[in-house]
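The following report describes the architecture of a single protein chain. It begins with the chain as a whole and then turns to individual sheets and helices.

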Amino acid sequence: MTTASTPDFISPDPVDLNNCDRELVQYMGAIQPHGALLVLNAANLQVIQASENSLELLGQHWETLIGVSIDNLLGVALGASLREAIQANPIKEAMVNILNIDHLPGQTVAFHLFANQVDDLILLEFEPRNTLAGQLSIDVLWELRNAFTSLQKSTSLQDFLQEATNKIRHMSGFERVMAYQFADDGSGEVVAESKLDELEGYLGLHYPASDIPAPARRLFAMSPLRHLPDVDYLPVPVLPAIDRLVDLSCAHLRSVSTMYSVYLRNMGTKATLVMPLLIEGRLWGLISCMHHSASHYLYYEQRIPLEFVSCMLSQLLAGRQALDQQAYRLRLEIVLEHLLGAMQSSQSLPNALISGEWHLLSEINAAGVALCMDDKCEVKGNTPTTKDIHSLIDWLETQNKDVFATQTLGQLCPAFSTLKAVASGVLAIRLSQGCPDWIIWFRPEVIEEIQWAGDPHKPVEVDQVNGLAVLRPRASFATWKQQVIGQSTPWLSCELEYVARIRYAIFGYIVERAWLLAQMNAELERSNLELDGFAYAASHDMKEPLRGIHNLVEFLKFEEAERLTQRGQLRLDTILQLTQRMDNLLAALLEYSRIGKNKLELAPYNTFEIITQVVQLVKDAYSEFSIDIQLESSFPTLVCDGLWVARIFQNLITNAIKYNQQPLKTVAIGCDTTATPPLFYIRDNGIGIDLHNQQGIFELFNRLYDRKQFGEGSGVGLAIAKRVVERHGGRIWLTSAVGLGSTFFFTLSPAKPD
Ligand code: ADP
């Protein structure tokens, strides 16, 4: 591959990259012979070093130049222009053509003068002008305009690159021009090629990362053109050797490494020109030109339009790549709109994102998707099993990424290589911090055959020279086929953007739901409090007039008894019964609303003591019945509101006796203290409750029988018990069967997670 540039080839044992990398190419202190270099002290513009070919090109032996001021060399007028140009131009880390010199005093050659400042040095490069070229011709401008238009018209990235290689070959006269694209691992592929028919094609060939190692990629990204007109050139030293390294990265005349020249010769290449393809400053690929039949020098006049094309390509490439994904991007956009709509109208995320007509698998190029939230996993399409998905999530949790994408899951984590048929590719988004909630898209393995230009595992060959291991670039570029397994198609940038947007939309949804729920809870709490306040005030205030009515009726009955008919007296008795009943109801309601309204008085209570007191109370109240109440276990000490808890036991034990027609009414009270929280129960041998009515009996004023059956009751006892239990954070329920008795269970604090 023509684009290899530095000696940083990977090497097999025992020689490694570090011990072969003796030539730090930018510090080699040599240039190519098609120009001359002077190294100046930036403070006084005096020559510190000069290239050995100075005599040939500048008319002075390099030794005579050392210490000479630039004014003496160029003449005062040109020296002044140079100072001015250096001050006016930002010449750091960029090769800048600052002056055109007709000729040096006493010389006939005209030059382009390039300047670049490196630390406290100025590099001046002299390259002969093509005096025949004259001004930039209208033909060149026309060619550029033509190139720009046809590149703009290209319908795909592939077309664009093909057109670019065609145009550049036409403009440069090189025999072969290739577009080369880097993969994330630094390897690359020839993705477009324009060449003489008789040359062997390189299109589709892959080159290992070591062919263009990272330092070489950095240097390529720095300059718009890198020209090596003659692979067989003799490097020209920059003299004298000084005790510091001079960085020639930005010098376009910079010599190339011997490894690189050998590499090119092995490929049968005589001259090259390389242009970077940059997207947002990142090296996307290269345009690589080669000449095979002879050396091929392009004057700067010929390189300028190519330099322009190189910049234009980078500019257009980003847009072209985006355009290539545009149709797909638009389709994903439409899906996103639908998902957003579904999320707004749906109560659950799985409903909105998985079950609807538009879902997480719509349009996106993936075979399956899993939505895992709140310990549930909903899947669509072809996915691993739920168990494997959960293992994958455990692993994703360790990756510390909110958006995670890989096309080689099995390589990243060998434990998942068994999933390659469904999940070689994984694209995942984390839905919340702290909880393992994820959406994961899956892609299957796609077995691909890659054609390498030579064995990628042997990018260098090791020779023994005088007993020392010496690295040489490989001599064979014979196609080497490799089957790539365990890899899916790569995830595109537009897909990553799409899932990131879904993630933000879900965040919005979750935050909005939480806010709504908090609002509803606050609203509910307020209206409950209001209701309790109202019930309390109403029952409290009604008690007084009711007592008044009751007293007045009693007076009436006492004072007017003789004048009233028997019917009238019966009516007064009924009024008295009704007011008594209403008084009972109001008392119960008052009690019920008080639990909602008042704070619990929490303290440690021995529940055994509470229960024995209540049992005694109930036994006294129902002394006419035969009752057997058994305490079946030990009872714990709990932090609770003792008075209210006593009320729970009182209501439940009373009911156990009231709703019971057995001659001996038995009640068993116990607590499973091994349960967390402790579980109380009250079991009776009473009439039982059929399944259908079991849920409703905890509602306020709900009675299953007529008032006259099973004694008076207000239908508030169980509602109070439930409210007290819930205020303690517990739960109450029952098991019962008609004729077989009932057992009521309750706890006084929330169940703890396992
Ligand atoms: P009440 O004041 O009517 O007893 P409760 O709220 O305590 O009100 O009970 C509601 C209804 O539940 C009762 O009217 C009764 O029909 C039924 N009930 C409650 N406890 C029992 C029980 N242990 N056995 C059978 N039925 C019961």
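A contact is counted where heavy atoms lie within 4.5 Å. On that basis, in this predicted model, residues 24 or more positions apart account for 67% of the contacts in the chain with a separation of 6 or more. The chain contains 21 helices and 29 strands, and 47% of its 754 residues are buried.

Five strands make up an open sheet with antiparallel pairing, in the order 15-14-18-17-16. Strand 15 and strand 16 are the edge strands, each pairing on one side only. From one strand to the next, the twist averages 10°.

Strand 14 and strand 15 run antiparallel and are joined by six bridges; Ala-370 stands opposite Val-379 in strand 15.

Helix 13 lies across strands 14, 15, 16, 17 and 18, running at about 110° to strand 18. Helix 16 (residues 493–559) also packs on the sheet, where it touches strand 14, strand 16, strand 17 and strand 18. The direction of helix 16 makes about 30° with that of strand 17.

Helix 13 covers residues 386–397, and its twelve residues reach 16 Å from the first C-alpha to the last, close to the 16 Å expected at 1.5 Å a residue. Which residues of helix 13 are buried? They are Ile-389, Leu-392, Ile-393, Trp-395 and Leu-396. Viewed down the helix axis, these buried residues fall within an arc of 160°, so they line one face of helix 13. Lys-387 and Asp-394, on the other side of the helix, are exposed. The buried residues pack against helix 14 (409–412) as well as the strands tabulated below.

| Strand packed against by the buried residues of helix 13 | Residues |
|---|---|
| Strand 14 | 368–373 |
| Strand 15 | 376–381 |
| Strand 16 | 403–406 |
| Strand 17 | 425–430 |
| Strand 18 | 438–443 |

Another open sheet has five strands in the order 24-26-27-29-28, with mixed pairing. Strand 24 (626–631) and strand 28 (732–737) stand at its edges, each with a single partner strand, so one side of each is left without a neighbour in the sheet. Here the twist averages 15° from one strand to the next.

Strand 28 pairs with strand 29 (residues 741–746) in the antiparallel sense, over six bridges. Within this pairing, Phe-746 in strand 29 is the bridge partner of Ile-732.

**A helix pair**

Helix 19 (residues 642–658) packs with helix 21 (residues 717–727) at an angle of about 145°, and their axes are 9 Å apart. The crossing of these two helices is left-handed. From helix 19, the residues that take part are Trp-644, Val-645, Arg-647, Ile-648, Asn-651, Leu-652 and Asn-655. They meet Gly-717, Leu-718, Ile-720, Ala-721, Val-724 and Val-725 in helix 21.

Notes. Residues numbered from 1 in each chain as written. Predicted model: local features only at pLDDT ≥ 70, side-chain atom pairs only at ≥ 80, totals over all residues. Heavy atoms only, no water. Helix = DSSP H or I, 4+ residues; strand = E, 2+ residues; numbered from the N terminus. Expected span 1.5 Å × (residues − 1). Buried < 20%, exposed > 50% of the residue type's maximum accessible area, 1.4 Å probe, protein only. Arc of directions from axis to C-beta. Pairing = 2+ DSSP bridges. Axes fitted to C-alpha atoms, helices over the stretch in contact; angles between N-to-C directions. Left-handed = near helix turned anticlockwise from the far one by under 90°.
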